[in-house]
There are 2 protein chains.
Amino acid sequence: MTSTAGHRVRMTPGDRRDQLLDLGVRLLSTRSVDELSIDVLAEEAGISRGLLYHYFGSKQGFHRAVVRQAADDLIRVTAPPAEGEPLERLARSLEAYVDYVVSNFAGYTSLVRAAAGGDEALREIYEEARAALTDRIFDVAAADGNLLEAFGIADTPSTRLLARGWSAMTEDVVMAWVREPAGVAKAELLHLLAAALPGVLAGSTTTAGQARP
Amino acid sequence: MTSTAGHRVRMTPGDRRDQLLDLGVRLLSTRSVDELSIDVLAEEAGISRGLLYHYFGSKQGFHRAVVRQAADDLIRVTAPPAEGEPLERLARSLEAYVDYVVSNFAGYTSLVRAAAGGDEALREIYEEARAALTDRIFDVAAADGNLLEAFGIADTPSTRLLARGWSAMTEDVVMAWVREPAGVAKAELLHLLAAALPGVLAGSTTTAGQARP
């Protein structure tokens with residue numbers, strides 16, 4: 001990536017917009033959505049506010065485009081490797097997620113908070129990203145019938161709900177751990193979260209009243 | 001509870017404030033924190049805005065007092081029964097939680113969103129309530145050494161982190177379920193969440209690499 005600060009590069013409007021979005025995402029990694037203004041972007045990119053309004057329409061349009069880009073980046077960097085054992089592929093994806101949250105903590109926190117806030121469009125982008133991350137569990141597992149069997153699960157509304165829950169748990173635990181590791185090493189954290197997934201899903205096959213396997 | 005709308009009751013200022021807070025919490029059950037204004041409360045309580053500012057200082061003070069009261073209510077109604085088998089006590093507490101979220105969905109959603117929003121005081125109240133709910137798992141389990149043994153856990157930073165994660169999962173799953181039950185009955189939901197707790201905590205005792213028990 002080339003620096004956009006202080007000099008102009010001849011490029012197509014589409015390329016230019018992508019470059020501005022990349023810059024917006026980088027700025028978001030250390031500040032909240034609310035602190036991400038057209039003014040800050042204009043200063044960092046060395047271009048006029050008017051041109052930014054031309055690209056993004058409004059501050060809200062800019063926020064949505066940046067949050068969409070950040071969500072796409074998250075989905076991309078946490079893509080499981082195409083090859084390998086399913087549990088190993090999920091473990092690699094989980095580690096990439098933890099690394100992403102560590103590297104982009106302020107921006108990720110901001111994304112989660114923005115999703116909970118008043119802007120319905122930001123919430124939808126966040127929910128779509130969450131759904132994409134959760135669906136992967138089933139995609140990877142479905143690619144290997146033995147894994148579904150190993151987890152003892154079928155793809156039902158209740159297992160989808162539980163997978164979503166595991167994803168929420170992971171988000172909450174990783175964010176709590178980044179704020180306060182409490183002596184828990186990253187390898188242990190990854191292990192705990194990976195081990196929790198079959199633990200969570202296994203509940204969907206035991207009968208009511210048998211809380212323990 | 002007596003209705004406060006349309007008539008005055010002679011009571012102490014402390015009683016009066018409590019009554020206004022109860023009304024605020026009831027109003028919160030069907031609207032967001034942002035929609036909960038001094039004006040709405042004044043109209044519902046049949047008293048002047050000036051008097052409400054006297055009690056709560058500001059709109060922000062009013063919001064904090066109502067959210068604090070809502071959090072206290074949540075902790076109170078979900079208190080596990082004092083007697084019984086530990087897993088049964090936790091199951092009863094979980095059911096009370098689900099019932100609370102169902103009955104107060106708008107207000108609870110609002111509480112969760114407010115906690116994620118910009119007001120640090122609201123976030124703290126929410127975090128305290130979450131911590132209180134999570135600590136119970138250990139309080140109940142610690143009251144019965146066999147339960148800790150049955151879960152195969154010790155009270156360590158990593159199990160505290162996982163219990164917090166289970167609590168986040170529960171919140172997310174219950175809210176998703178209320179919005180879209182997808183054919184999952186309440187009894188099944190309760191079973192899935194209760195079964196997930198030992199499933200989540202069990203991970204803390206297996207060694208790295210052994211994701212499955």
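Two residues are in contact here if their C-beta atoms, placed from the backbone, lie within 7 Å. What I am showing is a predicted model, in which local features need pLDDT of at least 70 and side-chain atom pairs count only at pLDDT 80 or more, while totals for chains, interfaces and linings use all residues. Residues are numbered from 1 along each chain as its sequence is written, and chains are lettered from A and ligands numbered from 1 in the order in which they are written.

Let me start with the interface, where 39 residues of chain B are in contact with 39 residues of chain A. On the chain B side, the elements giving two or more residues are helix 6 (105-116), helix 9 (157-179) and helix 10 (186-202), where helices are DSSP runs (H or I, at least four residues) numbered from the N terminus. Helix 9 of chain B supplies the largest share of that side, 13 residues. Because 100% of the interface residues of chain B are also interface residues in chain A, the copies meet through the same surface.
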